[in-house]
Amino acid sequence: MRKVGYAFLASLALGLFACQQQAPSGTTSLSVQSASPQGRYLVVFRSETLPPNAQALAQSAGARVVKTLEPIGALTVVADRAAVSRLARNPQVLAVGPERYYSLPKTERILYQEETYGAPSAADNLYKYQWDIRRIGAPKAWERVPLEVQGRATVAVLDTGVMDNHPDLVGQIVDFQATNYCYETAGPNNTPSYPKYTLWIDFDNLDLSNLCTPAPSVLYEAHGTHVSGTVAAAFGGGRVVGVAPGLRLAAYKVFDRIHFTEGGEEYDDVGAFDGPIFEAIIDAAKKGYDVINMSLGGTLDTRNKDDVAAMVAWDRVMKYANRMGTLIVASAGNSAQNANGYVVHIPSDLPTVISVSATGTATPLWQYPYPTNETLNALPGQDVLAFYSNYGAAVDLSAPGGDCGLDENGQSWCFRPSNQRPPGWRYHLILSTIIINENLPAYAWYAGTSMASPHVAAVAGLVKALHKDWTPGEVRAHLKATAEDIGSRQLFGQGLVDADQATR
């Protein structure tokens with residue numbers, strides 16, 4: 001979580017958290033809290049599409065409908081316990097449970113400060129730092145797949161929104177959507193998916209009839225812009241390049257800004273709820289977008305009856321996207337945990353989703369304080385599981401997510417305070433596009449499975465551009481078959497995604 005006041009050099013936070021909307025207390029727990037007297041709930045019907053009388057049924061039980069999710073047979077509602085009980089007893093209803101909340105998986109972040117960042121040049125002069133792009137063979141794919149061919153495919157980024165006036169992303173975005181609860185437009189193009197937050201959900205003064213209230217300050221959340229840059233930052237537009245610079249992007253803002261006080265400390269952060277995420281997936285699938293990237297997550301406990309509604313709804317929405325021909329790629333999570341067991345990481349552990357773990361490199365990039373295109377390269381055979389990455393049987397593929405490099409004992413420099421690391425430790429992170437404000441685009445090094453997932457989503461987009469008739473299952477199988485074997489399948493799945501081999 002972020003304390004009030006954003007700092008680009010954030011403290012290390014390994015754990016994801018998920019909480020019930022009604023109360024932020026206990027957000028360090030990965031399980032849903034017990035239901036409060038009134039709150040937002042997910043109502044899942046036995047029918048896999050919404051019955052015609054669904055809204056009337058919910059209203060007659062005393063619930064207020066917030067979102068209608070027809071293709072997966074679900075509603076999000078505001079209800080008290082009595083209404084929830086009445087809904088749960090209705091024979092048309094399969095399950096009712098609290099609407100879940102999912103956080104951004106955060107680890108290291110540091111602003112690029114070595115050159116003026118307010119006026120990017122036309123040359124991609126920061127590409128020399130992008131060891132990750134070269135490590136997965138993207139330059140070879142560029143030689144094979146022309147930009148106009150890449151433009152046949154679209155990757156939908158479900159995240160915090162995207163800075164569409166960033167020099168590296170101008171003209172790359174073909175759709176601008178916001179499904180979050182606190183809808184607002186912003187930026188020079190007045191788009192709903194702009195990563196500016198002036199409204200928040202204030203848990204300290206929560207009024208479910210007027211959920212979104214003005215925040216006392218403006219928050220710009222750069223996560224979605226960073227992810228989008230990794231997918232498709234354009235050649236010559238700004239200063240970095242994406243894995244697939246010709247791909248089209250669809251920007252979805254699914255996160256809301258939240259505020260609460262816990263343990264005497266005030267928090268100001270962003271999080272995404274079930275309803276907005278489901279709505280965005282359905283919309284992207286209906287529009288025929290080829291790939292969805294979801295660099296977000298939380299967990300569901302298969303033993304917890306309160307998680308049944310969310311689990312069923314997540315399973316349905318993923319199967320719906322799969323049927324519609326949309327492939328979903330998701331980050332495996334940043335808890336450094338074995339994903340095998342009864343606790344399921346959502347959405348990455350679901351069967352139709354490509355789950356991506358994160359790699360770092362043992363190549364000592366930190367020894368090169370003045371890297372060149374020729375020297376700042378992660379060598380094959382030196383890939384390591386990033387210190388924060390989840391792992392386990394659910395992992396399908398791996399991709400660079402960034403680390404801090406290894407010290408003389410073979411341990412990540414990230415385990416030491418930043419002032420005890422070598423000056424070049426940041427070069428092991430993932431450099432991409434961010435926003436500071438509407439008039440100030442920038443670049444920053446981030447690390448996380450959030451950074452790994454868009455590498456795979458971009459390669460999937462390249463494959464779809466070449467094979468428009470392929471199903472999501474065929475694309476998944478192809479990416480696995482062409483991945484570079486870098487070691488344990490429990491850690492890396494079928495291997496490191498390989499843009500070169502995948503596009504041959």
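Reader: Is the crossing of α9 and α10 left-handed or right-handed?
Author: This is a predicted model, in which local features need pLDDT of at least 70, side-chain atom pairs count only at pLDDT 80 or more, and totals for chains, interfaces and linings use all residues. Residues are numbered from 1 along each chain as its sequence is written, and side-chain values use heavy atoms, leaving out hydrogens and water. A crossing is left-handed if the near helix is turned anticlockwise from the far one by less than a right angle, and right-handed if clockwise. For α9 and α10 the crossing is right-handed.

Reader: How do the axes of α9 and α10 lie relative to each other?
Author: Axes are lines fitted to C-alpha atoms, for helices over the stretch in contact, with angles from 0 to 180 degrees between N-to-C directions. The axes of α9 and α10 (residues 472-481) are 10 Å apart, at an angle of about 115°. Angles under 35 degrees count as roughly parallel, over 145 as roughly antiparallel, 65 to 115 as roughly perpendicular and the rest as oblique. The two helices α9 and α10 are therefore roughly perpendicular.

Reader: Which residues of α10 meet α9?
Author: Contact means heavy atoms within 4.5 Å. From α9 come V456, V459, A460, V463 and K464. Their partners in α10 are V475, H478 and L479.

Reader: How do α7 and α8 lie relative to each other?
Author: The axes of α7 (residues 274-286) and α8 (residues 308-323) come within 9 Å and cross at roughly 15°. The helices α7 and α8 are therefore roughly parallel.

Reader: How many nonpolar residues does the contact of α7 with α8 have?
Author: Among the residues making this contact are I277 and F278 of α7 and W314 and V317 of α8. Ala, Val, Leu, Ile, Met, Phe, Trp, Tyr, Cys and Pro count as nonpolar, Asp, Glu, Lys and Arg as charged, and the others, Gly among them, as polar. The contact of α7 with α8 has no polar residues, two charged ones, and nonpolar ones numbering twelve.

Reader: How many strands does the protein have?
Author: Helices (H or I, at least four residues) and strands (E, at least two) are DSSP runs, numbered from the N terminus. The protein has twelve helices, and its strands number 22.
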